[in-house]
Amino acid sequence: MADVELVKKMLRAVLQANKGGVSLSRLQSEYKELTGDQIPHKQMGHNNLDALLETMPSVVRMERNRSGEMMCFPSLANETTHIAKVVARQRSSKKTGRPHLVNTQMRVKPAAPLVLNAKPQTSLRQPNHRGRGGDFRQTRDMKDGQSEGKTGVHPNKMSNQNTPNRKTNPPPEKSDKRMTLPSRFQKEVQAHLSRNPQQTTPMNLNESLSPGKGKPYNPQQVQSRIKEVLGKYSNGFWVSKLPQIYRELYKQDLPTEAIKDLETWTHICTVEKTCSSNPSELLLYPAKDKAVTNLNPSSTTAPTQSSNSPTNKPLHPPSSPTPLSPDLKVKLEELLIKYSNGLWAHALPKLFQDTYKTKLPGHVLENLHLLSDFCTIDYPMPDNPKRAILYRRSSSGGGAGEDENCNRRDSTTSEEELKLRQELGRRLSNHAVPSLQIPKEEYPSVLVVEATNTNGVILRYIGEGYSQAQESMEDEMREFYGLNQSSPTPLSAPLSGQLVAVRAEEEEEILRAQVCEVLADKVKVYYVDHGFSEVISKAKVFDLQEKFFKLPFQATKCKLAGLEPFCQDPGVLKKFETMASGRILLAEILERGQIPLVVLYDTSQDDDVNINAACMKALQDKTLASPLQVNSAYMNVTVSSVCSDGTVYCQLPSRGLAKLNEILEKIETYFHSQVTSEFLVSRPFCGKRCLARYKSKWSRVEITNLHGSRVLDILFIDVGVQASVEVFELREIPPPFLRDLMAIPPQAVKCCLADLAVSVGSWTPEAVQWLREKVLNITDCSMKVAKVDDAKRCIYVHLFTDKNFHDPARSLNHQMAQSDLFKTQPDVFLTSHSPTKISTPTLSSKTSSPSDSTNGSPTSTSLSAKGNTTTSTPSETPSSPSSSLNLPPLLELSPPGGNMDVYVSVACHPGHFVLQPWRDMYKLVVLMGEMILYYNKTEEKPLNIEKNQIYAAKVENSWHRVLVKGVLTNGLVSVYELDYGKHELVSCTQLRPLIKEFRQLPFQGITAQLAGVKPRQWSEEASIVFRNHVEKKPLVAQLEAIQEATNPWDRKLTVFLVDTSQEERDIWVHDIMAEFADELTNEL
């Protein structure tokens, strides 16, 4: 019997790809192309395909076209049907019973990597793999009460102390751990895990399970044993795992006092704290060399393990360095507070000088251990001892973190309701309503209710546990408070603050509400799940039963990032009402708190719309924009940028430009007079407007993309130049100038040269360079507007380098058309405006977009702050890497039988997927940030590209370490991303030599196959099931075998995969796949 849900899902995929409709015959062929099989209508009990499709109205809608052919169109999928239902059922203060019309064809915004904060990750909870076989059955039920089941292990540092008895079929005692899989194979499991799974807090070291707690012990014996353990596990492990290892090796419990004494045994071991906010997460390593152990003891808090610190780290000078003064400590800590996701040590001198107008003492960078009492130090690049990241150490008090992931009830309601609720707190104490938890995913869907203030936008979360739970509850309430004879009678005397059930006006819906005010025969109530107030008759108010107190109030609030100073501006609120009110949007959560800070996105159209940024544009004064009229001529034009695709950005004389320059000059003076860190940008996000240096002067920028938390792409909106910078190079716009700067529209005008035979995106490098030499750094150009293209937000012009714009023959357009600049154009220069999103040769077009303006414009080399030392010396850049293939060291792996925390970046099927080490992913984020900073500032140079060689390649907006698999004749190159395991097609112009600095970190992607299942030709259905359970998720891999190879990218692992995200059970993926395969076999 075919799986109905699977067939529906496949049909839905085909139809969504053909939203304009697909004929019945083509539907069959496209389904087979996707799945390899025909639509199984007969196996599903239908004589023909039409009959089957008629039973799936939620999937397909059938209509005959004018020629009489039957066409199939996508219906709203279950998820979008639910979204539409949510919108229809939402009550508002304006239209209580009317649904909002909204495009519900949502596209999920790609989630950012789980390590965007680029901090060393905490360990995942480890599976109870002893339960997979052997005589450990009695220890299974102890897992939840012991720290070993909660803390996990350090990846690549877990040894084979618990080798399971691996079998294809699970043992009987594991039956309770297996998934029941009738029709739920296709259900997505939790999309993203919490990036900081602190709910499984490791046990405090002072609360060991050792029964010998407090008893005297023999230190010499324990020390010798710990030394022996560290000899086996030289790469270190979590201190919380030591009692378990000790017990298994020596059949004795480790004395509690010994754990407390570990930090004093510097000749035996080194105890180090991670960069986690949890103070009890400690790592244990073998003792350092004597020369190192003589250092200041406080320096031991800096990570110095072999994989995390430079092996050639210079020793401290024999003379004791000058300790930091209290004032200096306060200032340095203040800077680290601003950059909670870490700050490069090399950035300190310039940042300190800019902020406090005084020089940082020179000995600080040479003696970073002096900062160890208020920060932790990490070395993500082992080959470079000068590249350290500083993290402010979190205070041990846990008060601040308690509310990090929840909205308390008082933050989700109006001030009026809060007062009333406090007034009646004692009465409601027996029926407490739980707090509403903020969804764990980074981009939850929300329904925007309304906003009278952008600092308190009322919304509801969409999805399981939120809107779906609310619908179920309201359906139950409708049945309970029905119109039959046994329905409850209305409340005779409702009290202010009382939680009640209300029959909504104009509807037969029963909703939860709280009484705000009692009038003569009416009551004013606040609908706690829908976010608005209403005056209703007392006859519609009922006592709320206790069972309806279980669901948190669904109406909550959020704050729109970047709009705080303009939270009540009429123009902003009007724009927000138009774009967001009553719509389903995606919310990027920047800060989790009582009222989360968010950026809202409308993803219902072809391009994502940043709602926050759009609302900010409502502040612009259009009279200050550059004037643009067809056939008009303009003199004293400045060409500020020429992009590699031929796009030109110009500044035209205008009132806005004059005012902008005046304000920026005042800001320069203002910054020189301020000694404060309040203008440092500590929370960057896409769409944010701030300031950065351009040609040594402050200029307006908009953040366009984030690569982690420290490296980002910006657009200088008044010159049209894009750049990649580090976050410490940005500054907030000072409040006295904020509104005036926001009122000035961007002064960079996007232009294309008219009457050229080649289109934008097809320019040769020779043509681009010729135009740059002609127009850049010239302030008295002239231009004549030929056409204004509002759709592309571009104007077509004739450009002149003098004021003789009356003679078309003198234009640069004419000169280029008459030249040979475009005649040598090869095929590799692809258009950057192709809407194609599938894997065709136009895929590489993404890499040659106007975002390359930074690379192409000579002005871009002066963008970054002087403190940026990411570039390598030119002598390190070879013309071709073929001369010597200097590969990074191999990725360290646990021995067979050991556990390893991993992230599955690519999953094709159980026979092929790609793993990345979970805890070292932050190092990859750091490396890619450094690559972006380096390569985005280097000019494109001719490169002899060879097969099977290592390069850096630009894929979309990021630079990757790649292996060239093939060079195509049309100028495209097939590459394999060595850190992510993906195959891509890029233009040969997007490849650069991979310099030595970027060859130190082991390639992070390693291919694997699933253990515990027989190799086979996996069907598309099985592959989908597998991907749904593992792709883009952190899991625990238990190594079965390692297949070594000459090249690191040819190594292959055989692993068991375990999802430990659920506290009540471990999900062994091979069990699911084995059951799925058995089910298919039985059907055959």
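How do helices α10 and α11 lie to each other: roughly parallel or roughly perpendicular?

Tutor: First, some ground rules. This is a predicted model, where local features need pLDDT of at least 70 and side-chain atom pairs count only at pLDDT 80 or more, while totals for chains, interfaces and linings use all residues. Residues are numbered from 1 along each chain as its sequence is written, and side-chain values use heavy atoms, with hydrogens and water left out.

Now the helix pair. Two packed helices are described by the angle between their axes and the distance between the axes. Helix α10 covers residues 326-338 and helix α11 covers residues 348-356. (Helices are DSSP runs of H or I with at least four residues, strands are E runs of at least two, and both are numbered from the N terminus.) The two axes come within 11 Å and cross at roughly 105 degrees. (Axes are lines fitted to C-alpha atoms, for helices over the stretch in contact; angles run from 0 to 180 degrees between N-to-C directions.) α10 and α11 are therefore roughly perpendicular to each other. (That word covers 65 to 115 degrees; under 35 counts as roughly parallel, over 145 as roughly antiparallel, and the rest as oblique.)

Who makes the contact (heavy atoms within 4.5 Å)? From α10 come Leu-328, Lys-331, Leu-332, Glu-334 and Leu-335. From α11 come Leu-348, Leu-351, Phe-352, Thr-355 and Tyr-356. These residues divide into 7 nonpolar, 1 polar and 2 charged. (Ala, Val, Leu, Ile, Met, Phe, Trp, Tyr, Cys and Pro count as nonpolar; Asp, Glu, Lys and Arg as charged; the others, Gly among them, as polar.)

Take Lys-331, which lies in helix α10. Leaving aside residues up to four places away in sequence, Lys-331 touches Phe-352 and Tyr-356. Its C-alpha atom is separated by 9.4 Å from that of Thr-355, 24 residues apart along the chain.

Step back to the whole chain. It holds 25 helices and 42 strands. Of its 1084 residues, 56% count as buried. (Buried means under 20% relative accessible area, exposed over 50%, partly exposed in between, with a 1.4 Å probe and protein chains only.) Take the contacts with a separation of 6 or more: residues 24 or more positions apart account for 70% of them.

Another helix, α7, spans residues 242-250. Its buried residues are Leu-242, Pro-243, Gln-244, Ile-245, Tyr-246 and Tyr-250. Just after α7, Lys-251 takes a positive phi of about 55 degrees.

Next come strands. Strands of a sheet pair through backbone hydrogen bonds, either parallel or antiparallel. Strand β12 (residues 445-450) has 6 of its 6 residues buried. β12 and strand β13 (residues 457-461) run antiparallel, joined by 4 bridges. (Two strands pair if DSSP finds at least two bridges between them.) In that pair Leu-447 stands opposite Arg-460. The two strands form a hairpin with 6 residues between them. β12 also pairs with strand β20 (residues 584-591), antiparallel, over 3 bridges. There, Val-446 has Leu-585 as its bridge partner.

Now a sheet with a helix on it. Its 5 strands form an open sheet in the order β17-β16-β15-β14-β18, with antiparallel pairing. β17 (532-537) and β18 (541-543) stand at the edges with a single partner strand each, so one side of each is left without a neighbour in the sheet. On average, neighbouring strands here are turned by 50 degrees against each other, direction ignored. Inside this sheet, 5 bridges join strand β14 (residues 499-503) to strand β15 (residues 510-518). Ala-501 stands opposite Arg-512 in β15. Helix α15 (residues 467-480) packs on the sheet and touches β14 and β15, its direction making about 80 degrees with that of β15.

One further sheet to finish. It is open, with 5 strands in the order β37-β36-β35-β34-β38 and antiparallel pairing. Its edge strands are β37 (983-987) and β38 (991-993), and each pairs on one side only. Strand β36 (residues 972-977) and β37 share 5 bridges in the antiparallel sense. Tyr-976 stands opposite His-983 in β37. Helix α23 packs on this sheet, touching β34 (950-955), β35 (958-967) and β38, and its direction makes about 80 degrees with that of β35. α23 is mostly covered, with 15 of its 15 residues buried. At 1.5 Å a residue, the 15 residues of α23 (residues 921-935) should span 21 Å, and the end C-alpha atoms are 21 Å apart, which agrees. (The expected span is 1.5 Å times one less than the number of residues.)

Note on methods: Contact = heavy atoms within 4.5 Å.
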